[in-house]
Every structure is written in structure tokens, then in C-alpha cells.
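Hello,

Here is the structure I said I would pass on. Please look at it first, then read the notes below.

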Amino acid sequence: IEIIVADSGSGIPPEVAEKIFDPLDTAKGDGHAGLGLSIVKSLTESMQGSIIFKTGATGTTFQILLPTT
């Protein structure tokens with residue numbers, strides 16, 4: 001199963017991208033726990049899947065791959 005989530009924003013800065021899946025490290029500011037992508041990665045890997053992302057000046061794309069069995 002492939003799940004793709006994409007946007008057309010300004011992309012993720014390199015200093016944020018290198019820690020994107022780290023818990024409690026958020027660039028969103030106050031009121032955000034910084035757990036979302038960490039949880040998604042953990043759940044994906046617990047199902048023997050993978051998550052990757054590509055980012056650039058014209059947006060970011062996350063791809064989640066999950067086995068069907």
C-alpha cells in the first residue's frame with residue numbers, strides 16, 4: 001500500500017528536515033507537541049513499512065509504504 005501526502009508550500013528548511021522525525025522537535029512554535037511525524041514513523045515501522053519525504057522550493061511530499069500481508 002502506498003500513501004502519498006503532498007503540499008505546494010515553500011518546502012522544509014534543511015535544519016528542520018534533518019530532525020523531521022525526532023520527537024519533541026517542532027518548528028511550528030507554541031501549542032504544537034512535535035510528536036506527529038515521530039508517531040507516524042513509529043507506527044509505519046511497526047507494520048514493517050517505511051516513510052520517506054522529499055522537499056524543495058515547490059513543496060514537500062511524504063510517501064508511506066506498507067506491506068499488504
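**Salt bridge**

Glu45 and Lys41 form a salt bridge, with their closest N and O atoms 3.6 Å apart. The term stands for a side-chain nitrogen of Lys or Arg within 4 Å of a carboxyl oxygen of Asp or Glu. The structure holds one salt bridge. Both Glu45 and Lys41 sit in helix α2, four residues apart, which is about one turn of the helix. Glu45 is partly exposed because its relative accessible area is 43%, and Lys41 is partly exposed at 28%. Here buried means under 20% relative accessible area, exposed means over 50%, and partly exposed is in between (1.4 Å probe, protein chains only).

**Basis**

This is a predicted model, in which local features need pLDDT of at least 70 and side-chain atom pairs count only at pLDDT 80 or more, while totals for chains, interfaces and linings use all residues. Residues are numbered from 1 along each chain as its sequence is written, and side-chain values use heavy atoms, with hydrogens and water left out.

**The chain as a whole**

The protein chain has two helices and three strands, in the order β-α-α-β-β from the N terminus. Helices (H or I, at least four residues) and strands (E, at least two) are DSSP runs, numbered from the N terminus. Of the 69 residues, 20% count as buried. Among contacts (heavy atoms within 4.5 Å) with a separation of 6 or more, 50% are between residues 24 or more positions apart.

**Core**

Which residues make up the largest nonpolar core? The eight are Ile12, Ala17, Ile20, Phe21, Ile51, Phe62, Ile64 and Leu66. Such a core is a set of buried Ala, Val, Leu, Ile, Met, Phe, Trp, Tyr and Cys residues joined through side-chain atoms within 4.5 Å. Leaving aside neighbours within four places in sequence, Ile51 is in contact with residues including Phe21, Phe62 and Ile64, and also with Lys41.

Thr60 is in strand β3 (residues 59-65). Is Thr60 buried or exposed? Thr60 counts as buried because its relative accessibility is 4%. Its side chain makes a polar contact of 2.7 Å with the side chain of Thr55. A polar contact is a pair of N or O atoms within 3.5 Å; within protein, one must be able to donate a hydrogen and the other to accept it, and residues adjacent in sequence count only if both atoms are side-chain atoms.

Lys19 lies in the loop between α1 (14-17) and α2 (36-46), and counts as partly exposed at 36% relative accessibility.

Regards
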